[in-house]
Amino acid sequence: MVNAPRNTAGGDRRRREREPAVAQAATLGTTKLNPFGDLHTLQHVCARLARSLRAVWEPLFRQDVRSFAEPLGVQRFGDYRIERGDTLAAWVPLAMSPANGTAWLVIDAALVLELLDLFFGGTGAVPSPLPAEFSPAAEAMAARIGQQVAGPLGAAWEPLTHASFVPGTVETGADIDGDDAVIVTRFGIAAGTAAPVFVDLVYSVAALKAHGASLTGKVLDKAEPDPVWRNNLTRATMQVRFPVRSVLAEPIVPLATLMDLKAGDVIPISIDANVPVMVGRDRLGHGTVGTANGRAAIRLTSLSVPEGLDE
């Protein structure tokens with residue numbers, strides 16, 4: 001359970017401190033492991049995603065949780081598989097569009113089975129030893145997690161570049177060559193003082209090359225808005241049209257008088273020196289009634305600040 005200590009194989013590996021990728025000496029004829037530099041922008045995307053994933057994990061765990069992103073790392077896929085060991089895990093492919101690549105959501109079997117037990121009203125018990133393969137119900141739970149993660153993942157990428165993720169059939173591994181470089185992003189889930197559990201999101205470096213310019217750009221929150229876009233937005237905003245109206249008089253008459261009215265009757269009114277001028281439901285100000293260029297007009301004598309604009 002999420003509130004109990006976990007004794008799954010590789011526990012020390014899942015909790016150990018991950019170090020960011022560092023520059024290594026290149027050798028002629030070898031492939032550069034990380035062509036994107038420090039990957040601060042992708043780390044920022046991970047932090048955004050971790051915050052939004054709380055809405056995914058809390059209904060599954062049926063309690064408040066803390067969701068956070070670990071420092072990402074770049075390594076060869078074969079080394080990553082060795083690090084994970086032979087413990088059963090669900091690999092959910094998330095097809096990236098428009099890059100035509102695939103990201104892999106990797107969920108340990110213990111976490112899948114815990115959430116499955118909670119889903120059916122249990123306490124989150126995990127069988128020991130773990131099974132050698134997933135049951136159809138466990139695969140359905142892993143697929144459900146992949147579907148719920150795909151939406152927030154696309155939203156986290158949106159400020160960086162337009163990308164959508166479509167989950168596929170749950171696998172027990174990824175079709176990535178062991179020598180290929182991958183970016184491993186890890187997300188922790190913790191409730192109270194319990195030890196966190198982790199899920200991994202693995203990107204192929206080759207799949208992300210289409211987004212290389214964005215990944216090596218400025219961190220999103222510090223990026224300056226495009227001045228051309230901002231000027232066009234301002235110009236378009238200034239062309240928005242609003243109805244302006246004024247109520248000259250509001251006479252009050254008895255119901256009996258209203259019922260006796262007929263064509264030709266006159267309802268006397270008196271126009272105040274200052275009449276209200278409205279924009280929508282807000283009062284723009286007051287003015288006096290007169291004429292201008294042969295048409296009825298109102299000269300503004302005072303302006304009112306709508307509520308909320310004076311703070």
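**Briefing: helix contact, cores, sheet and confidence**

Ala50, Arg51 and Ser52 of helix 2 meet Arg54, Ala55 and Val56 of helix 3, a contact being heavy atoms within 4.5 Å. Helices (H or I, at least four residues) and strands (E, at least two) are DSSP runs, numbered from the N terminus. This is a predicted model, in which local features need pLDDT of at least 70 and side-chain atom pairs count only at pLDDT 80 or more, while totals for chains, interfaces and linings use all residues. Residues are numbered from 1 along each chain as its sequence is written, and side-chain values use heavy atoms, with hydrogens and water left out.

**Helix 2 and helix 3**
- The contact of helix 2 with helix 3 consists of 3 nonpolar, 1 polar and 2 charged residues (Ala, Val, Leu, Ile, Met, Phe, Trp, Tyr, Cys and Pro count as nonpolar, Asp, Glu, Lys and Arg as charged, the others, Gly among them, as polar).
- The axes of helix 2 (residues 40-52) and helix 3 (residues 54-61) come within 5 Å and cross at roughly 35 degrees; axes are lines fitted to C-alpha atoms, for helices over the stretch in contact, with angles from 0 to 180 degrees between N-to-C directions.

**Nonpolar cores**
- In the largest nonpolar core, of 55 residues, Trp57, Trp157, Phe165 and Tyr203 touch the most other members.
- Such a core is a set of buried Ala, Val, Leu, Ile, Met, Phe, Trp, Tyr and Cys residues joined through side-chain atoms within 4.5 Å, where buried means under 20% relative accessible area, exposed over 50% and partly exposed in between (1.4 Å probe, protein chains only).
- Helix 6 (residues 136-157) gives the most to this core, with 9 residues.
- Leaving aside residues up to four places away in sequence, Trp157 touches Leu42, Val45, Ala163, Phe165, Tyr203, Leu208, His211 and Leu215.
- A second, separate core has 11 residues, including Phe77, Trp104, Val106 and Val184.

- Four strands form an open sheet in the order 8-9-10-11, with antiparallel pairing; two strands pair if DSSP finds at least two bridges between them.
- Strand 8 (244-246) and strand 11 (295-303) each have a single partner strand at the edges, so one side of each is left without a neighbour in the sheet.
- From one strand to the next, the twist averages 40 degrees.
- Strand 8 pairs with strand 9 (residues 275-279) in the antiparallel sense over 3 bridges, and Arg245 has Met278 in strand 9 as its bridge partner.

**Confidence**
- The protein chain averages a pLDDT of 82, and 82% of the residues score at least 70; pLDDT is the predictor's confidence in each residue, from 0 to 100.
- Mean confidence is lowest in helix 1 (residues 11-15), at 47, and highest in strand 4 (residues 102-108), at 94.
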